[in-house]
Protein chains: 2
Amino acid sequence: MRSDSLRAVYRLEVGTDRIEARADALRHEQSVEVPPATVRDPFVRKEILPRVESIAPDPHGGHRVTLAFPPAITAHDPAQLLNILFGNAGMLTDVALLDVELPERLARSLGGPRHGSAGLRAQLGVPERPLTCTALKPMGLRPEALAELAGTFARAGLDVIKDDHGLADHSFCPFEERVRRCQRSIEAAADETGRRALYAPNLIGSPVTLKRQLAFALEQGVRAILVAPMLVGLPVFAELAREASDVIWLAHPAFAPVGRVAPAALYGTLFRAYGADAVIFPHAGGRFAAFDAAVCRDLTERLRRPELGLRAALPVPAGGMRVERVEELVRFYGPDVMLLVGGSLHEGEDPLLERSRGFVARVHAAGARAAEASA
Amino acid sequence: MRSDSLRAVYRLEVGTDRIEARADALRHEQSVEVPPATVRDPFVRKEILPRVESIAPDPHGGHRVTLAFPPAITAHDPAQLLNILFGNAGMLTDVALLDVELPERLARSLGGPRHGSAGLRAQLGVPERPLTCTALKPMGLRPEALAELAGTFARAGLDVIKDDHGLADHSFCPFEERVRRCQRSIEAAADETGRRALYAPNLIGSPVTLKRQLAFALEQGVRAILVAPMLVGLPVFAELAREASDVIWLAHPAFAPVGRVAPAALYGTLFRAYGADAVIFPHAGGRFAAFDAAVCRDLTERLRRPELGLRAALPVPAGGMRVERVEELVRFYGPDVMLLVGGSLHEGEDPLLERSRGFVARVHAAGARAAEASA
């Protein structure tokens, strides 16, 4: 693996007879966008056009094509990188982006996680065991009700308590009142228990809105933020993570074109490179069928990959996980994980506090067993 | 069609036995994100949860499900609207978003085109005939070479001359030098011919970069801008169009998840509502197979639809169109269209100026014939 090339692997649903022509068309589509015969300038031919590095049959049908791009054509810009990788290809429904390899200089210019798993753990004072996370929901509850939930979760010992990503600046639950009340509620619980959870409010909107929301949250003492990069724009996320580098950034997977872009490439490689400290994604066996064990393993490997000089981001498997699956999840991901259980905590007969304590206890116990087993 | 509901039509690749349960799951997924049994709050049940309005077999397989959302859950925010329409659904690979119907108040709050087709025509002084457009390319040319192309196209009588959307702030072709030279070149041509073309530079980057690029372009006298909303973030595009409302905004279709979101819904309904004055998209028979005649017709109908109090946006069919197809395109779209021909102008034996003049003459003649036929 050369560290100075930008590589992308595509699946083309194209048979053997046409694959060479289509691979050649794709390298033009993703760069110069003119008919091959009209590319006459020697600099363009030599320094701009990507190379077809390999073509091989794909086990799932069609072919895999690897393109090697000159990194300079990305202008080291987060939006132009997406354009080069999948701009016009987004409109070619027989093309999917399977994998991305960033050259080191490009990865460093994007910045990667400013805290990563280690920084989040330092913030929480929890160096090794699996972390616990839940969401404030459902949309429609008033700020007082959400703040009460936040307090309950904090007293139960949850590490990170995030807004549901559907919580916006709603008339029935305004952003500022929600954030103020939830943060205070968590601080009150910390005063009682001596252990401080992190509250991560959800930012959503256009850039001016995001910056106003961020500034307000920071004023209230918030130190972790949830955002869905694909909803606000991945380049916007990169800018937020760069500008507010003292905050822990949790990335939510919503509005991503799964099926057209492989989760490992998008959530694993790109979300991490663009600055996510922790990445939420659906774990296998939940509500999202495209996420099987192999996908979750690949994605996690990319979040943790030591190369490129980027910090490791924390995997946060979610998407309908039940308390009953804690042990299985810790076995699958190992201890460097944050388990996000949402709706499942509201089910059943037990009061929320008891059920949340049960979740926390199971995660701590599973982590302890994993630590013993590996010792 | 009630104007006070937000409706979305989805295709679910689900058979008759499971479709009711999946439709119910989808309305929870796109709003409260908790198991249905845990939705106990009466306000949430009544005012937050979308309704399944209809379920019908889809002629292409599976079923069509229409959800009616309470508009308040969008918070009248451009990012939250995307979240409600296709946030978690983006990760459900058996769900595609086929259509969107905006309630009038939401559409008005998004703003729509500030100029639209009529405003672009007023700017150009061309009230009725089909407009002509081309792109400065390929990526890799120096600013001087692009400016020379711009001058040639302007002298040939092109109406709008846009950057290729792959032109970023490259080391080999910096944004500011490119924009300054191209705008001057077009102005010099206008001094010669007495007819002023519009130059539309491409903005690409994170919000801080976009705003710097926009300010520079405006200083240089630029009055039209190209941007790819999905690359920079659709909510960012909405903010740009709102804040720089004196500029004509051309939207490029790159990085959209075609296959997961129908082009008519995304480019026709949402791009227009978010502020595009003109929308570029691939026409049938070019390089993008998903765009057939029916898709292009639907998309165009949504750009022009008179309801909702939004201005009509101009369709800009493109994607490998050849000069030889001018008459067919004018027949298909009628005269209120802008034909974008790029690479095709560089092909063949004739000098670029002649070939560009030929394109312009064919469009004017086809427009005149269309006007006669309809008189």
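**Figure 1. Strands S1 and S4 of chain A pair in the antiparallel sense over 6 bridges.** Here S1 covers residues 6-12 of chain A; two strands count as paired if DSSP finds at least two bridges between them. Within S4(A), A:Leu97 is the bridge partner of A:Tyr10. Of the 7 residues of S4(A), 5 are buried, so the strand is largely enclosed by the rest of the structure. Buried means under 20% relative accessible area, exposed over 50%, and partly exposed in between (1.4 Å probe, protein chains only). Helices (H or I, at least four residues) and strands (E, at least two) are DSSP runs, numbered from the N terminus.

A word on the model before the next views: it is predicted, so local features need pLDDT of at least 70 and side-chain atom pairs count only at pLDDT 80 or more, while totals for chains, interfaces and linings use all residues. Residues are numbered from 1 along each chain as its sequence is written, chains are lettered from A and ligands numbered from 1 in the order in which they are written, and side-chain values use heavy atoms, with hydrogens and water left out.

**Figure 2. A:Asp94 sits in the loop between H3 and strand S4 (95-101) of chain A.** Its side chain makes a polar contact with the side chain of A:Arg22, at 2.8 Å. A polar contact is a pair of N or O atoms within 3.5 Å; within protein, one must be able to donate a hydrogen and the other to accept it, and residues adjacent in sequence count only if both atoms are side-chain atoms. Not counting residues up to four places away in sequence, A:Asp94 touches A:Arg11, A:Leu12, A:Glu13, A:Val14 and A:Arg22, where contact means heavy atoms within 4.5 Å.

**Figure 3. Helix H3 of chain A has 9 of its 9 residues buried.** With that count, H3(A) is largely enclosed by the rest of the structure. Among its buried residues are A:Pro78, A:Leu82 and A:Phe86.

**Figure 4. Chain A and chain B bury about 6,100 Å² between them.** Buried area is the accessible area (1.4 Å probe) that two parts lose on being put together, summed over both. Carbon and sulfur atoms account for 64% of it. A:Met91, A:Met139 and A:Phe255 supply 12% of the area that chain A buries against chain B, more than any other three residues. The contact takes 74 residues from chain A and 75 residues from chain B. Across the interface there are 2 salt bridges, where a side-chain nitrogen of Lys or Arg must lie within 4 Å of a carboxyl oxygen of Asp or Glu. B:Glu29 forms a salt bridge with A:Arg287, with the closest N and O atoms 2.7 Å apart. H3(A) gives 6 residues to the side of chain A that touches chain B, the largest share.

**Figure 5. B:His252 lies in the loop between strand S9 (248-251) and helix H11 (263-273) of chain B.** B:His252 counts as buried, at 5% relative accessibility. Its side chain makes a polar contact with the side chain of B:His165 (3.0 Å), and also reaches the backbone nitrogen of B:Ala254 at 3.1 Å. Leaving aside neighbours within four places in sequence, the residues in contact with B:His252 include A:Asn88 from chain A, along with B:Leu226, B:Phe271 and B:Ile280.
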